[in-house]
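Open the structure in your viewer and keep the sequence panel beside it. This tour goes from one selection to the next and says what is there.

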Amino acid sequence: MGPQILGDSIPPNSGDLPRLQITEPSQVPRQTEPGPHQEGPRSTGTPPPPSSRPSWGRKMAVTGCSWLLLSATFLSVGAEISITPEPAQPAEGDNVTLAVHGLLGELLAYNWYAGPTLSLTYLVASYIVSTGDETPGPAHTGREAVRPDGSLDIQGVLPRHSGTYILQTLNRQLQTEVGYGHLQVYEILAQPVVMANNTALVERRDTLRLMCSSPSPAEVRWFFNGEALPIAIRLGQSPDGRVLTRHGIRREEAGAYQCEVWNPVSVSRSEPINLTVYFGPERVAILQDSTARTGCTIKLDFNTSLTLWCVSQSCPEPEYVWAFNGRALKNGRDHLNISSMTAAQEGTYTCIAKNPKTLLSGSASVVVKLTAAAVAMTIVPVPTKPMEGQDVTLTVQGYPKDLLVYAWYRGPASEPNRLLSQLPSGNWIAGPAHTGREVGFANCSLLVQKLNLTDAGRYMLKTVTLQGKTETLEVELQVAPLE
């Protein structure tokens, strides 16, 4: 039996129709293509413009069991066929219907193509209206089914189902019409990941690069500390929005960064990535008692205490070094304690702050002096009430800075009572009253070792300055007996 026309109905006036050319399937050139029930490729190309759409002259199947190709030399005239997906923005896994509108006349068959052209490679299925027979084509994925009204159902769509779809119809006059539609299937987006070239950067020196890594094509938004990040002038964004670049990072850009990918059906935000920006030290200063900012000079009363605090703007917290009159002190803390202020502690105190990350440093200095009322020289026994057998130091406060020589006496300031004298060379020599237990110091203080009860009494200090000024001061020492 020779080939048959689709269905079993041919118009009565078929003799008036143009002559049709019937071609066996074996005579049609075919490309290598997937099997009828295998996943076929999807084209995402846009449909050709109407001027380039094929006129009929196209070949199509005409039997319910095997495809025959039919050529017609005319195209029907009527309303244009339109194809719309329902839902309009489907997510992967949805059931979608490509609904057909604008079909006219009594139709014999439908052909559905998933691709930009009427090619057998893109043929999804053929459907004979009169029998309801559906024949899958090379592009059939096992999910498609043609409805009697010509619409195409796709169960559980996947992103690869996106692309151009073509419906070809054949009516009883063997006229054909073609409708075009487009299906875009949106993925359910996985959580993206923010990747950074470095999460600890040095201000104005290092470059920051953040990349939003996501396996799916989608729009990208950025967030900074939980708020939407505007495309600031200082932050460079790649054309696809997935890369942020900042040359010469600033401290105000330290914080938590996130990216968010989205499409019409899905949104997903990354975990935050925390960025640290190292800077400083800047504005190094010395404060008095941690709050009061000092000037260039601090004046203290005699025998009072003082705490100097070193502060700065720095990340991380800097390392501290203190110096007194240019000499480094063994203190690595941010504060320095001065207890029992004396003339010996007058001078310049300097704090040096060093940042181990930026390798920068800064310093500040302050001068500490005794108040004018405290300049007068005094003698304080330490301890104030020594016991028999103990050592005692007669500590001199406010001794002259331009000291030339001094002498200690046991009783009135006369030669027989002289214990010892300090020479300009810095050495001291014993006097007639020296017992071998007395020691002198550069600050005029006197140490008396292993006290006995006879050491109690009046002691006198005599000082002479470079200008020849002489000053005499005395103190009464008490020695408590052992119980």
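Are cysteine 310 and cysteine 351 buried or exposed? Both cysteine 310 and cysteine 351 are buried, where buried means under 20% relative accessible area, exposed over 50%, and partly exposed in between, with a 1.4 Å probe and protein chains only.

Before going on, note what is on screen. This is a predicted model, in which local features need pLDDT of at least 70 and side-chain atom pairs count only at pLDDT 80 or more, while totals for chains, interfaces and linings use all residues. Residues are numbered from 1 along each chain as its sequence is written, and side-chain values use heavy atoms, with hydrogens and water left out.

**The whole chain**

Show everything and colour by pLDDT, the predictor's confidence in each residue, from 0 to 100. The average pLDDT of the protein is 81, and 80% of the residues score at least 70. Now select residues 1-78, where pLDDT stays under 50. Where pLDDT is low, the predicted coordinates should not be read in detail.

Switch to a cartoon view. The protein has 38 strands and zero helices; both are DSSP runs numbered from the N terminus, helices being H or I of at least four residues and strands E of at least two. Of the 483 residues, 45% count as buried. The protein exposes about 24600 Å², of which carbon and sulfur atoms supply 52%; accessible areas come from the Shrake-Rupley method with a 1.4 Å probe, and for residues only the protein chains shown count as cover.

**The cysteines**

Select the cysteines. A disulfide is counted where a pair of cysteine sulfur atoms lies within 2.5 Å, and by this rule there are two disulfides. Counting bonded cysteines along the chain, their pattern is 1-2, 3-4.

Zoom in on cysteine 212 and cysteine 259, which are joined by a disulfide with an S to S distance of 2.0 Å. Cysteine 212 sits in strand β14 (residues 207-213) and cysteine 259 in strand β19 (residues 255-263), so the pair, 47 residues apart, links distant parts of the chain. The torsion about their S-S bond is about 70 degrees, so this disulfide is right-handed. Both cysteine 212 and cysteine 259 are buried.

Return to cysteine 310 and cysteine 351, whose disulfide has an S to S distance of 1.9 Å.

Cysteine 315 counts as partly exposed because its relative accessibility is 22%. Cysteine 444 is buried, with a relative accessible area of 0%.

**Strand β19 and its partners**

Select β19. Eight of its nine residues are buried, so β19 is largely enclosed by the rest of the structure. Strands pair if DSSP finds at least two bridges between them. Six bridges join β19 to strand β15 (residues 219-224), and the two run antiparallel. Here tyrosine 257 of β19 is the bridge partner of phenylalanine 224. Tyrosine 257 also has a bridge partner in β21, isoleucine 273. Strand β20 (residues 266-269) runs antiparallel to β19 with four bridges, and a hairpin of two residues joins β19 to β20.

**Two open sheets**

Move to β30, β31, β36 and β35, which form an open sheet of four strands in that order with antiparallel pairing. The edge strands are β30 (378-382) and β35 (438-440), each pairing on one side only. In this sheet, threonine 393 has leucine 447 in β36 as its bridge partner.

Next, select the five strands of the open sheet β34-β33-β32-β37-β38, again with antiparallel pairing. Its edge strands are β34 (428-430) and β38 (470-477). Strand β37 (residues 457-465) pairs with β38 over eight bridges, and methionine 460 stands opposite glutamate 474 in β38.

**Last stop: glutamine 422**

Where is glutamine 422 found? Glutamine 422 lies in strand β33 (residues 418-422). Glutamine 422 is buried, because its relative accessible area is 5%. Leaving aside neighbours within four places in sequence, its contacts (heavy atoms within 4.5 Å) include Tyr406, Trp428 and Phe441.
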